[in-house]
Amino acid sequence: IAEPPPIQLFYSTSAQSVCVTQTVLLNCNAIGGTSPYTFLWSGGGVGNGVVSTENTVGTHVYTLLAIDANTCTASATLAVQVLSNPTVWASPVYICPFETGTFTANGASNYTWMPGGFTGSTCAVNPTVTTIYTLTGEFSGCLGAATTTLNIKPLPIASISMTNSVCEMQNILLTAAGGTAYIWSGPANFQSNLSNPGIAQIQLNQSGVYQVTVTGVNGCTASVASSLNVIALPFITASGSTVCSTQSLLLSSTSSLPGSQFVWTGPLNFYYNGAAVNWPNANANNSGAYTVCITSPQGCSVNAVVQASIVNQPSVTLNTNAPLCENSPLQLTANSVPGTTYIWSGPNGFNSSGPYQTINAISLNAQGVYQLQSNYGPCTFVQTHNVLVYPLPQIQIISNQPVCEQHLLQLTATSTA
């Protein structure tokens, strides 16, 4: 009886190293001995092409036992290195709408990002909504995966409040809300970082669009805008007057814009609607400052102040000693009022000034109308007086001379008067 040759084993694995939870294929065959053969693997596997999965990192040793038909045996061992999968991660990213966020991967050497199929350790994306990304990393052939989120932060709810129409030279307030920081811009290089900036005495070139950019607590910004129309003020004129109480007080005003309204106010509750004032009964108590408010058809108002002075007419009385006889002194008198000037005129080219006048030895041709003009500020008062001059009588004496002594002398007088 011949003894069979000893059993000789042939074995192999699908990989010398595998990642944890991956499978390894254990292969074997034999010659010698007496076939058929039975192959037993440590861990319970039977036969050729056994699939094994290891969940523990480290070196795993597999023992193979071959048994032939005569129960002769042969054994062998083989080792497989089980590697750990890399632990990968990327911190979540927070961005404002329309910005680009960048992830940074950690824990492996080669990375793939989904959705999008991007590769590399960094990934820049700009989705419009919050999106979850899956990161796959490879190290030594093993893969690790993780998810991370690109979060879209909400925009602040920006609001703006301001008048849409304003008159030139008025003060306005711009109001914004919805954030923690504000940046304003507008016409004529307007800029401000206040939430509620004001504009004093606004000008025509400041008409236009005003925009405010609002920054929220999360750092995101939103902008809102509003238009402002600056209405031109009318160009106005106004004038007062100085008059005598016997005259009408005149106040006048004009506007460059047709259809404007005029309102006058002044001392002693004076009130009048109209561009011009013609006041015939004013007196000195009505003197003072008068204000005219001129309002354009668009509702914009401009004020002007003028001075009005009403001078009371002084009481001046003309007196004379006429009628009088020829060659007598004529006396012309007027009561003296401080500040008043007196101008006299009369027959024979008579002219003089001052409240008291005397014409010595008045002649017949100096009789007639004498005029006194008294001037006091804007007041002028003219008075006249008709002076009557009586001529001296012409006397003629007639006698019956010569006569004899003891005769009667007769004297007769005649007069032209």
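**Ground rules**

I number residues from 1 along each chain as its sequence is written, and my side-chain values use heavy atoms, with hydrogens and water left out. As the model is predicted, local features need pLDDT of at least 70 and side-chain atom pairs count only at pLDDT 80 or more, while totals for chains, interfaces and linings use all residues.

**Entry: aromatic rings**

I began with the rings. A pair of aromatic rings is described by the distance of the centres and the angle of the planes. I count rings of Phe, Tyr and Trp (its six-membered ring) as paired if their centres lie within 6.5 Å; planes under 30 degrees apart are stacked, over 60 edge-to-face, the rest tilted.

How many aromatic pairs does the whole structure hold? My search found seven. One of them joins F270 and Y290. This pair is edge-to-face, with 5.3 Å centre to centre and 75 degrees between the planes. F270 lies in strand 28 (residues 270-273) and Y290 in strand 30 (residues 288-295), so the pair ties together parts 20 residues apart in sequence. Strands here are DSSP runs (E, at least two residues), numbered from the N terminus.

Are F270 and Y290 buried or exposed? I take buried as under 20% relative accessible area, exposed as over 50%, and partly exposed as in between (1.4 Å probe, protein chains only). F270 has 13% relative accessibility and counts as buried. Y290, at 0%, counts as buried too.

I also noted an aromatic cluster of F103, W113 and Y133.

**Entry: sheet 1-3-5**

Next I looked up strand pairing. Two strands pair if DSSP finds at least two bridges between them. Three strands form an open sheet in the order 1-3-5, with antiparallel pairing. Its edge strands are strand 1 (8-13) and strand 5 (50-53), each pairing on one side only. Strand 3 (residues 23-31) runs antiparallel to strand 5, and four bridges join them. I found L26 opposite V50 in strand 5.

**Entry: sheet 2-7-6-4**

Which order do the strands of the four-stranded open sheet have? The order is 2-7-6-4, and the pairing is mixed. Strand 2 (17-19) and strand 4 (38-41) stand at the edges with a single partner strand each, so one side of each has no neighbour in the sheet. Strand 4 pairs with strand 6 (residues 58-67) in the antiparallel sense, over four bridges. Here W41 stands opposite L64 in strand 6.
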